[in-house]
Amino acid sequence: MHLELQGVTRKVGAETHLYSTSVSLAPGAINVLLGPTLSGKTTLMRLIAGLDKPSEGRVIADGVDVTGVPVRERHLAMVYQQFINYPSMSVFENIASPLRIAGKLNQQQIRDKVHAMAERLHISAYLERSPAALSGGQQQRCALARALIKEAGLLLLDEPLVNLDYKLREELRRELSELFSTGGTTVVYATTEPLEALQLGGQTLLMHEGRVLQHGPTLDVFSRPNSIIAARTFSDPPINLFDAAVVDGVAQLSDDIRIPLAPDQQQRMAGQRQVQLGLRAHSLHAAARSGDFALTCSVDLAEISGSETFVHLKRGALSMVAQLPGVHDLSLGSASTMHFQPADLFIFSADGALVYAPGA
């Protein structure tokens, strides 16, 4: 399904939940809505689904204006954060229910399709059980199977993995990417997690306070955030930001921190003197490499997370986070020198617009 939003807004009383939005969603691909809670993701998704009517603007599906057309008359399926299954039905009947409602297949065809879908989602062994007898991950698979079996042109997933534990989220995320790789369905997937957006790929719409900040291929949006707000939204841990004055090709963060900028960085700045520098946490390294800039700080906190260590550092008024591979045993208050390539710095103008992105 090709879906287009033309100047769509959503107001509830005096509050604006979604400002004027005009986007075209990639057909047969994953379209990720990425943003923090209350950024407008669910509002936009409900307008796409027909659960709510836009205050202004139009929703166009395959060239047809479906604004105001109720959800039951649209060719779509939806899975919510709180997965919903029919408690009085078996898993088999839950999955089969959309096919029975459509009334286009006989019993054997329904059975074949249900078993095939259950096999894809690894729940074949649970078809005769009730949903209450399943684990949380299995219940979510059941809800996903019921949505997928409709073979709708549009599938809406509103943070479908948020209530699952880490291992189940990782497992289902990989499986969903494989399921949607065929391009047979246009998928809209809402999430608050930048890593999830990167893993799913496709297209990403960055959302913040009811506005779409940026829209494009996921890796392009991640690599070239068009503003500081976009860079903050698409960074986990948050991107490190530093105020800097630029004099003679050198970014001065403080009296004793002066970072030499590359010629292409200087060229793109077009004479700007006050900028903000951005550095992603993974661009900081404990070991020096050729051309690195070294910065010695004190350790404020060290968090070990699986195979990574997140180190919170301070130097005077400057603070930053480094994402280091491996386990690092760092004492609080100890001195630690971090290294980075000046070419890895993002440069934003004083008003927050992107001036330079690494590798541009």
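Helix H5 is the top contributor to the lining of the second largest pocket, giving four residues. Before going further, note that this is a predicted model, where local features need pLDDT of at least 70, side-chain atom pairs count only at pLDDT 80 or more, and totals for chains, interfaces and linings use all residues. Residues are numbered from 1 along each chain as its sequence is written, and side-chain values use heavy atoms, without hydrogens and water.

A pocket here is an open set of points on a 1 Å grid over the protein atoms alone, where a 1.4 Å probe fits, with protein on both sides within 12 Å along at least five of seven lines; lining residues have an atom within 4 Å of a point.

| Pocket | Volume |
|---|---|
| Largest pocket | about 880 Å³ |
| Second largest pocket | about 560 Å³ |

Let us stay with the second largest pocket. Its 19 lining residues include Leu 195, Asp 236, Glu 308, Phe 310 and Gln 323, which lie nearest its centre. Helix H5 (166–179), helix H6 (194–200) and strand S16 (308–315) each supply at least two lining residues. By class, the lining holds eight nonpolar, four polar and seven charged residues.

Now for the largest pocket, which has a volume of about 880 Å³. Among its 29 lining residues, Leu 76, Ala 77, Pro 98, Arg 146 and Lys 150 are closest to the centre. Strand S6 (76–79), helix H2 (91–102) and helix H4 (136–148) each give two or more residues to this lining, and H2 gives the most, with five. The lining comprises 19 nonpolar, three polar and seven charged residues.

Definitions and conventions. Points joined across faces, edges and corners; volume = space filled by probe spheres on them. Nonpolar A, V, L, I, M, F, W, Y, C, P; charged D, E, K, R; others polar.
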